[in-house]
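Below are some notes for a colleague who is opening this structure for the first time. They are numbered so that each can be checked in turn.

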Amino acid sequence: MESSSANPFDVDIREKILILKQRLPELKFLDELLVDAEAMLELSQIVKLQDEWLKTRASSLYIDPLLIQLKVKLLPKEALSEAFIRSWHPLAQVDQLSPRGLEKAFVYWRDLVPISERFKDQFGTYGVPPGQVDYSDLVSMGVFTPEQFETSLTQLHNELLEQSRGEWVDYRQFIGNDTFENKVRRAYLLAFLISEGRALLKSEPLSGKIWTMALAERVKGLPKSVAISITGEG
Amino acid sequence: MRRAFQVLILQRGRNPGVKGWEMKRHLGRDYRKIVEVLSEDVAPMGLEVYEVKGADGTDDSSRFLLRFREPPTISEAETSGIRIDDLAVLAATIAFVNSKSGRVARREVEQFLREKFPRWRIDYSLDRYVKRGYLEQDDRGMVHIGWRTHAEVDEKTLMTLILSRAQEGAKK
């Protein structure tokens, strides 16, 4: 009722109050009494609306809305604005710059965030260029704790040892194909094992096959970078 | 008298006009008598002091304003840079809201105006008039007549003019 322009007299206040009165003795819990009080408040708001409605109807400003709609439809815009001007008494006032206004302007300018930063909250940035994520970044992002990382590395090393037993195993088969996140995680850990000299990697450029093998003993040699793409496909 | 004029003409804060309690503070308890005399004094300049009653109807909540005693001529209004379309939107909205017992859902106002004005102008004008105090919009999306319309517009005259002009338009 309060969010529409419906007639507030459409609500039978007496009937609603009688219902509330009948129900009141049955209410035992605080929640129920609160809802009851809220209903009473809403009814009082409708009585207020009825009062306003009557006052407006009784005033000479009330004209049937349909009649007004029809009249406004008939009038050109110029005639409408002319009617407004002929009933208009513009205010006379002087706008001046006060010390308080100056202070407000200064504080506004001082606290104004640079335009490059201003809309980041609403729209984010224009995108972050590709970059490198290292072990410390992952720890700071909460992907790993140092303990979890070491444990995961050891587990993966043992798994590779178990599978390879001194033989080369297919790299892609080893990193698995269950979920993309898991595949990336295993590839990242395996890259660590290889960098530490606890596993080897070889690739066959012609067939595109990549092989890996776990080492029981850590070896030292000249590190070499190999780029391997990992996709979300199985 | 000079002090009363200065108090009324200088804008304080966001909204024009001076509240009753401020007038009392600046001019003393008999400020109403001073206001009456001032209103006569500014008449030769085409001005008057006008009182808009506050929500609770008390003297303290009333707002006192200096305004044109007579409406401006059409050419005067046009030279002030006001757009005809904007004024037409406001006139139609005031008439519609008054015909709906003083409160109407904004979507109903928009629907009503859409028969005559483009959608972008309706949104722009309604928002502007709410901001400037000519209309009020509550948190339930209901549009009411704002304090500034009560201060500046003779609503009875506006309604009469709209009705009579429409009859003239129909006769033509």
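1. Arg165(A) counts as exposed because it has 10 C-beta neighbours inside 10 Å, and a residue with 12 or fewer is put in that class. The model is a predicted one. Arg165(A) sits in the loop that runs between helix H9 (146-164) and strand E1 (169-170) of chain A. Its phi is near 45 degrees, a positive value in a residue other than glycine.

2. The two chains meet through 41 residues of chain A and 53 residues of chain B. On the chain A side, the elements that give two or more residues are helix H2 (30-58), helix H3 (65-74) and helix H4 (77-86). H4(A) supplies the largest share of that side, ten residues. Sorted by class, the side of chain A that touches chain B holds 19 nonpolar, eleven polar and eleven charged residues.

3. Two packed helices are described by the angle between their axes and the distance between the axes. For H4(A) and helix H5 (residues 84-99) of chain B, the angle is about 70 degrees and the axes are 8 Å apart. H4(A) is therefore roughly perpendicular to H5(B), since angles of 65 to 115 degrees fall in that class.

4. Which residues make this helix contact? From H4(A) come Lys77(A), Glu78(A), Leu80(A), Ser81(A), Ala83(A), Phe84(A) and Ile85(A). From H5(B) come Ile84(B), Asp85(B), Leu87(B), Ala88(B), Leu90(B), Ala91(B) and Ala92(B). The residues of this contact divide into ten nonpolar, one polar and three charged.

5. The largest nonpolar core has 35 residues. Those with the most contacts inside it are Phe84(A), Ala91(B), Ala92(B), Ala95(B), Leu158(B) and Ile162(B). At least two residues of this core come from each of H3 and H4 of chain A, and likewise from each of H5, helix H6 (106-113), helix H7 (119-131), strand E6 (142-145) and helix H9 (155-171) of chain B. The largest share, ten residues, is that of H5(B).

6. Leaving out residues up to four places away in sequence, Ala91(B) touches Leu80(A), Ser81(A), Ala83(A) and Phe84(A) in chain A, and Leu158(B) and Ile162(B) in chain B.

7. Another core, of 14 residues, lies apart from the largest one. Its members include Ala4(B), Met23(B), Val42(B) and Tyr50(B).

8. Strand E3 (residues 63-68) of chain B is mostly covered, with five of its six residues buried. How many bridges join strand E2 (residues 47-52) of chain B to E3(B)? There are six, and the two strands run antiparallel. Strand E1 (residues 18-19) of chain B is joined to E3(B) by two bridges, also in an antiparallel arrangement. Phe64(B) of E3(B) is the bridge partner of Val18(B), and Glu51(B) stands opposite Phe64(B) as well.

9. Taken as a whole, chain B contains nine helices and six strands. Of its 172 residues, 34% count as buried. Among contacts in chain B with a separation of 6 or more, 55% are between residues 24 or more positions apart.

Technical notes: Residues are numbered from 1 along each chain as its sequence is written. Chains are lettered from A and ligands numbered from 1 in the order in which they are written. This is a predicted model: local features need pLDDT of at least 70, side-chain atom pairs count only at pLDDT 80 or more; totals for chains, interfaces and linings use all residues. Helices (H or I, at least four residues) and strands (E, at least two) are DSSP runs, numbered from the N terminus. A residue is buried if 20 or more other C-beta atoms lie within 10 Å of its own, exposed if 12 or fewer, and partly exposed in between; C-beta atoms are placed from the backbone. Two residues are in contact if their C-beta atoms, placed from the backbone, lie within 7 Å. Ala, Val, Leu, Ile, Met, Phe, Trp, Tyr, Cys and Pro count as nonpolar, Asp, Glu, Lys and Arg as charged, and the others, Gly among them, as polar. Axes are lines fitted to C-alpha atoms, for helices over the stretch in contact, and angles run from 0 to 180 degrees between N-to-C directions. Angles under 35 degrees count as roughly parallel, over 145 as roughly antiparallel, 65 to 115 as roughly perpendicular and the rest as oblique. A nonpolar core is a set of buried Ala, Val, Leu, Ile, Met, Phe, Trp, Tyr and Cys residues joined through C-beta atoms within 7 Å. Two strands pair if DSSP finds at least two bridges between them.
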